[in-house]
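Good morning, and thank you for joining this group meeting. Please look at the sequence and the structure as I bring them up.

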Amino acid sequence: MRSLCSWTHEPQVETRFGYIGDGHDNGNRYRDNAVKTSKYTWYNFLFLNLFGQFRRVANVYFLIQGVIMYIGWYYPYIYQSPVHPWSTIGTLAFVLLVTLAKD
């Protein structure tokens with residue numbers, strides 16, 4: 001029995017081969033299937049950690065307060081600060097280092 005259509009359309013399928021443990025690179029056409037579950041790498045750890053820390057308003061507040069105290073302590077002709085600036089900057093640095101060690 002003959003069909004109404006004299007030609008048939010068959011989809012062309014691309015065949016691809018994957019070699020396991022054979023050292024082939026599969027032509028570098030496909031991405032590797034590696035999964036990265038770490039938050040940081042060795043080269044972006046400090047930058048990303050400090051960026052995450054200074055997204056908190058309290059850390060930015062104490063940094064600005066420490067800078068203003070630094071200006072008042074070391075340049076007294078602008079204004080005088082009664083407290084040494086390292087008391088605020090040191091406390092902020094301690095908090096940042098503890099959080100850095102935790103991450």
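Of the 103 residues of the protein, 15% count as buried, where buried means under 20% relative accessible area, exposed over 50% and partly exposed in between, with a 1.4 Å probe and protein chains only. This is a predicted model, in which local features need pLDDT of at least 70 and side-chain atom pairs count only at pLDDT 80 or more, while totals for chains, interfaces and linings use all residues. Residues are numbered from 1 along each chain as its sequence is written, and side-chain values use heavy atoms, leaving out hydrogens and water.

The secondary structure comprises 3 helices and 0 strands; these are DSSP runs, helices being H or I of at least four residues and strands E of at least two, numbered from the N terminus.

Let us turn to helix α2, residues 57-74. Its 18 residues should span 26 Å at 1.5 Å a residue, and its end C-alpha atoms are 26 Å apart, which agrees; the expected span is 1.5 Å times one less than the number of residues.

Which residues of α2 are buried? They are N59, G66, M69 and G72. These residues lie on the same side of α2, because they cover an arc of only 150° around the axis, taken from the directions from the helix axis to the C-beta atoms. They pack against α1 (45-53) and α3 (86-102), a contact being heavy atoms within 4.5 Å.

Finally, T99 is found in helix α3. T99 counts as buried because its relative accessibility is 11%. Not counting residues up to four places away in sequence, T99 touches N49, Q53 and R56.
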